[in-house]
Amino acid sequence: EVPISYHGRSYEEGKKIGWKDGISAIYRILKYWLIDDCYDEKYGKAMLRDMARSHHHNRWIASAIRPYLGDRIIEVNAGIGSVTKYLPKRERLTVTESSEENLELLGESYRDNDLVDVARFSPDTDSPAGTDLENCYDTAVCISYLESIEDDRAALRNIAGLLVPGGRLVLKVPLHPGLYGEYDRALGYLRRYSAPQLKALLEEAGFAVEKSMNFNSIAILGWWLNSSVLRRKSVSKLQLKFFDMMVPLFAFLEQYLPLPGISLICIARKKG
């Protein structure tokens with residue numbers, strides 16, 4: 001702390017602020033609500049795609065998978081915790097990542113939380129055998145990760161090693177290989193899955209599929225139009241904001257419209 005001198009204006013001098021300043025303030029509030037550019041410099045554009053700005057969408061994912069979560073949960077490749085914050089903190093919640101930046105951010109977020117652990121783990125290259133993570137969990141959550149790695153088979157086998165016999169894997173992947181386009185490339189997706197293809201992969205890794213659910217049916221048309229037809233390489237921030245605002249309506253409609261989803265949520269149990 002340092003001493004300062006302060007000489008306030010008199011009533012005669014006024015505050016030097018008018019209605020134009022109010023309009024300018026409202027404009028900037030709306031501008032930065034739309035673009036979220038405050039994160040670009042620190043985390044970069046690739047990280048910005050994973051930011052937890054689509055709160056309604058992330059909450060929707062968490063509510064869809066909540067009935068299948070146990071008491072000891074491990075989230076694989078949590079990113080910066082976009083979905084983590086909505087997961088139940090019961091007996092134990094372990095959040096894993098391989099990125100140094102993400103690990104640092106997750107560590108800061110859950111530093112004083114006794115129910116949440118942060119660990120380094122990359123299922124495509126790391127085996128849990130012989131570690132504190134081996135056979136420790138009744139639920140593994142993997143959201144939007146399997147499609148972005150080369151060896152998805154090895155990743156599923158290593159995830160199985162995290163679970164006790166009979167433990168569940170809750171998996172969300174992009175659906176429909178024919179829908180693959182510029183958006184997928186920009187997001188780092190290497191593939192989109194079909195339901196039979198995913199089932200075969202899971203069974204090969206030692207899982208038995210219990211349930212598959214189409215998720216986010218409403219987004220298919222917009223994704224196809226922008227990614228495949230117009231070949232846009234990124235989702236505009238205005239589109240993301242609008243989509244996130246409409247999620248409560250989409251979630252309500254999806255209960256009554258059994259349409260194919262843009263993603264698939266798969267519940268699989270480890271054979272034991």
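I began with strand 1, which pairs with strand 4 (residues 137–143) in the parallel sense over 4 bridges. Strands here are DSSP runs of E of at least two residues, helices are runs of H or I of at least four, and both are numbered from the N terminus. Two strands count as paired if DSSP finds at least two bridges between them.

A note on my source: this is a predicted model, where local features need pLDDT of at least 70, side-chain atom pairs count only at pLDDT 80 or more, and totals for chains, interfaces and linings use all residues. Residues are numbered from 1 along each chain as its sequence is written, and side-chain values use heavy atoms, with hydrogens and water left out.

Back to the strands. I found Val 141 of strand 4 as the bridge partner of Glu 75. Strand 1 also pairs with strand 2 (residues 92–97), again parallel and over 4 bridges, and there Arg 72 has Arg 92 as its bridge partner. Of the 5 residues of strand 1 (residues 72–76), 4 are buried, so the strand is largely enclosed by the rest of the structure. Buried means under 20% relative accessible area (1.4 Å probe, protein chains only).

Next I turned to helix 9 (residues 237–254). I noted a bend of about 50 degrees at Val 247, with Pro 248 following within four residues. The bend is the angle between axes fitted to the seven residues ending at a residue and the seven starting there. Val 247 is buried, as are Lys 241, Phe 243, Asp 244, Phe 250 and Glu 254 of this helix.

Note on methods
Buried < 20%, exposed > 50% of the residue type's maximum accessible area, 1.4 Å probe, protein only.
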